[in-house]
Amino acid sequence: MNDVQRFLVRHHRLTRRFFMGLGAVGAAAIASWPRLGRAQAGNEELEKAIAELESFFTPQASFRDVSRGKPLPHSLSEMKKREVGLTRESWKLEVISDPENPAKLSRELKKDDGTALDFEDLLQLGEKHAVRFAKVMTCLNIGCPLGMGIWEGVPLREIVWLTRPRENVRRVFYYGYHNDDLQQLFQSSLPIGRVLEDPYDLPPVILCYKLNGQWLDSRRGGPVRVVVPEHYGFKSIKWLSHIMLTNLPHANDTYANGNNDIDSPLKSFAATLSAPTEVAAEKPFPITGYAQVGISGLSKVQVWISRSDQEWPAEDKDFATAPWVDAQLLDPPPKWGGELPGDAIPADTLGFDSTGRPRTWPMRLGKAHWAILIPGLPAGEYTLRSRTIDEKGLAQPMPRPFRKSGHAAIESVSFRAKAS
């Protein structure tokens with residue numbers, strides 16, 4: 001028995017229960033469902049759909065780009081990039097006290113006196129302190145990840161300690177380069193406690209200079225960007241230019257101006273990758289997808305198919321009482337992708353053992369792929385939905401259903417089963 005056949009056997013009972021939830025339509029579907037041993041066409045389709053899944057890690061050039069700035073900083077000429085410090089050779093980082101709400105520092109790192117941190121200084125710190133971790137990068141208000149990678153850099157706290165702070169440091173403000181235009185300035189912030197200590201076994205906040213074992217390219221925010229493991233992309237600003245330590249207790253994030261919840265960490269949610277617009281009636285077909293694994297973890301992905309004209313109680317807007325069925329969460333991939341050198345996880349990457357295998361699966365703050373083979377459906381119009389169940393048993397869009405705190409809406413995909 002091959003892996004796909006074992007997959008079908010494990011899901012046969014759930015599939016029956018799933019279609020019984022559709023009433024008479026489900027009973028008809030089950031009546032026409034072929035014996036597992038004769039479902040070879042369905043097996044092959046599922047196997048093919050799984051084989052065609054996106055790579056687990058994303059090559060740098062394949063990340064989606066939502067950069068800000070006119071012109072976009074990564075589009076500047078190489079001469080201009082050198083002039084403004086956007087190359088590894090010319091990058092310099094200032095770390096100063098907020099002049100209006102000063103933190104007490106023993107020293108500041110400044111360009112005008114030659115003490116600013118340069119790229120070689122950062123790499124020297126990396127020889128002792130560098131960390132690597134896997135993270136999915138997601139925009140707060142976009143429903144699909146921008147990409148998944150292994151990010152490498154120096155913990156931000158190591159740079160903070162270079163200033164020998166004494167007191168009155170309550171928050172860290174940090175800024176990205178945006179054409180020296182105050183109207184385009186992009187900034188974010190973190191409480192000093194999160195920078196100095198990593199709660200709940202989270203990786204540290206880093207000044208990142210490598211992605212998937214390669215130098216961070218300009219489109220991805222190179223030469224150096226901030227990466228905050230548990231947060232959305234606006235916290236991980238690109239083209240880092242300077243840091244300010246402040247005694248202010250509140251955030252200064254650019255994203256706060258758009259009525260966004262700037263302190264809401266990554267959520268868990270599911271979506272499809274291969275979903276048909278039309279299938280042959282009465283024949284099995286595969287569905288594949290991914291789940292973003294947020295701060296609350298992931299225990300399962302579920303799917304539900306309903307007739308498109310099926311009415312649903314208005315008081316159950318999140319479909320909590322629908323006849324959801326478990327999909328199969330796929331195991332770690334045999335090949336990681338992302339153009340990792342040798343397709344190998346870099347040594348000492350957090351969350352992986354010495355052989356390069358994940359210590360837990362699915363990995364929090366990452367993604368996981370899922371798949372399911374749907375039995376044949378009678379001819380008609382249908383809606384497919386998918387959702388996550390987190391490690392506490394809460395179903396998407398809970399526990400944080402509000403749109404401005406990150407995408408969590410249940411995806412719906414319409415398709416038709418067409419009689420031949």
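Two strands count as paired here if DSSP finds at least two bridges between them. Strands themselves are DSSP runs of E, at least two residues long, and helices are runs of H or I of at least four, both numbered from the N terminus.

The model is predicted, so to speak, by its own rules: local features need pLDDT of at least 70, side-chain atom pairs count only at pLDDT 80 or more, and totals for chains, interfaces and linings use all residues. Residues are numbered from 1 along each chain as its sequence is written, and side-chain values use heavy atoms, with hydrogens and water left out.

Overall, the protein chain has seven helices and 21 strands. Of its 420 residues, 55% are buried, meaning under 20% relative accessible area with a 1.4 Å probe, protein chains only. Contact means heavy atoms within 4.5 Å. Among contacts between residues at least 6 apart in sequence, 75% join residues at least 24 apart.

Now the sheet. Four strands form an open sheet in the order β13-β15-β19-β18, with antiparallel pairing. At the edges are β13 (269-274) and β18 (328-329), each pairing on one side only. Inside that order, β15 (residues 285-292) and β19 (residues 367-374) are antiparallel, with eight bridges. I287 stands opposite I372 in β19.

Next, another pair. Strand β7 (residues 171-176) runs antiparallel to β8, and six bridges join them. Which residue in β8 is the bridge partner of V172? That is L190. Why is β8 described as largely enclosed by the rest of the structure? Because five of the six residues of β8 (residues 186-191) are buried.

Notes: Buried means under 20% relative accessible area, exposed over 50%, partly exposed in between (1.4 Å probe, protein chains only).
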